[in-house]
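I opened my notebook to work out how the pieces of this fold sit together. Let me put the structure up before I write anything down.

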Amino acid sequence: MKQYIQLLAAFLFCITLSAQTKKISISGKLLNKEKLSVIHLRNIDEVNITIPVHAGNNFSFVTKDSLKGFYDLDEIGTVYFSPGYQLTVQQNKEGNYVFNGRGALENNALRTAKEIVSTFLPVNKEGELEQAAYYIEVPVFLQKIDSFQKKAETFFNMSTDAFFRKYAALDLAFYGKHLLYYYNAFYGKDVKKFEKATELMLKLDLKSAGFARSADSILKSANTKEMNFSNRLMLGDLIYTKWDKENDTLFQNSSWYRQAFQA
């Protein structure tokens, strides 16, 4: 009887331990100067978890279920969860979020990948192309995108999590496609002049006989150089055709992949 009780206790302990290792925790302090009462953890599969924010902008959350994949966490951005992760978030000297604990390698890799794009291309703080990018020649721009992605993947490949490595790299590839879309749209254009030209076009009389000629003249005033036809076709293939449009797992885990369908 005593042996039976010992075996039962050991069995129950294993069940409890297994349940605990599947839980995911994340806690930390938000950098936002404004007082927030809650933040949200979301994904495309209708996960929407409300996380209370306490005094001093501190938050703490423990999952009841096993979450795995990429999620959007308000204020912090994209996070990656896998069963057993125990993450803490804090501010580094540059004022950015950094992760510690189990799962820190993967989540810091995501953050680093976003930061290093500025060493390859002219981008603003939001990671969008700046004016100088639209004057880069096509072969050079493509080479810079490729070098950026390869460098970022070196951070992803430090992880032993095959799912993370694969889908973090694919998500990044579609971020590259996002940059390529805007590069193609604004190549050779002075963006400020283009915005002013668009405003002027809106004031034109669509019914006037000279509308087409006037519109063409206004738009050309924003151009500093033109892309040749073969490069335009090549970029069009890269942006619109040469990618898998039926990857359900990627659709669930990559906001950049989902955005590609809107291009």
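Predicted model: local features only at pLDDT ≥ 70, side-chain atom pairs only at ≥ 80, totals over all residues.

I traced eight strands in an open sheet, and the order I wrote down is β6-β5-β2-β3-β4-β1-β7-β8. The pairing is mixed. Strands of a sheet can pair either parallel or antiparallel, through backbone hydrogen bonds. Which strands sit at the edges? I found β6 (77-81) and β8 (97-102), each pairing on one side only. On average, neighbouring strands are turned by 25° against each other, ignoring direction.

**One pair up close.** I picked β2 (residues 38-42) and β5 (residues 69-73), which run antiparallel and are joined by two bridges. Here L41 stands opposite L73 in β5.

**Helices on the sheet.** I saw that α2 lies across β5, β6, β7 (86-91) and β8, at about 160° to β8. Helix α4 (residues 162-186) packs on the sheet too, where it touches β5 and β6. Its direction makes about 60° with that of β5.

**Two helices together.** How do α2 (residues 104-116) and α3 (residues 138-156) cross? Their axes come within 8 Å and cross at roughly 165°. That angle is over 145, so α2 is roughly antiparallel to α3. I noted the crossing as right-handed. From α2, the contact uses L105, A109, L110, T112, A113 and I116. From α3, I listed F148, K151, A152, F155 and F156. Sorting these contact residues gave me nine nonpolar, one polar and one charged.

Note on methods. Residues numbered from 1 in each chain as written. Heavy atoms only, no water. Axes fitted to C-alpha atoms, helices over the stretch in contact; angles between N-to-C directions. Helix = DSSP H or I, 4+ residues; strand = E, 2+ residues; numbered from the N terminus. Parallel < 35°, antiparallel > 145°, perpendicular 65-115°, else oblique. Left-handed = near helix turned anticlockwise from the far one by under 90°. Contact = heavy atoms within 4.5 Å. Nonpolar A, V, L, I, M, F, W, Y, C, P; charged D, E, K, R; others polar. Pairing = 2+ DSSP bridges.
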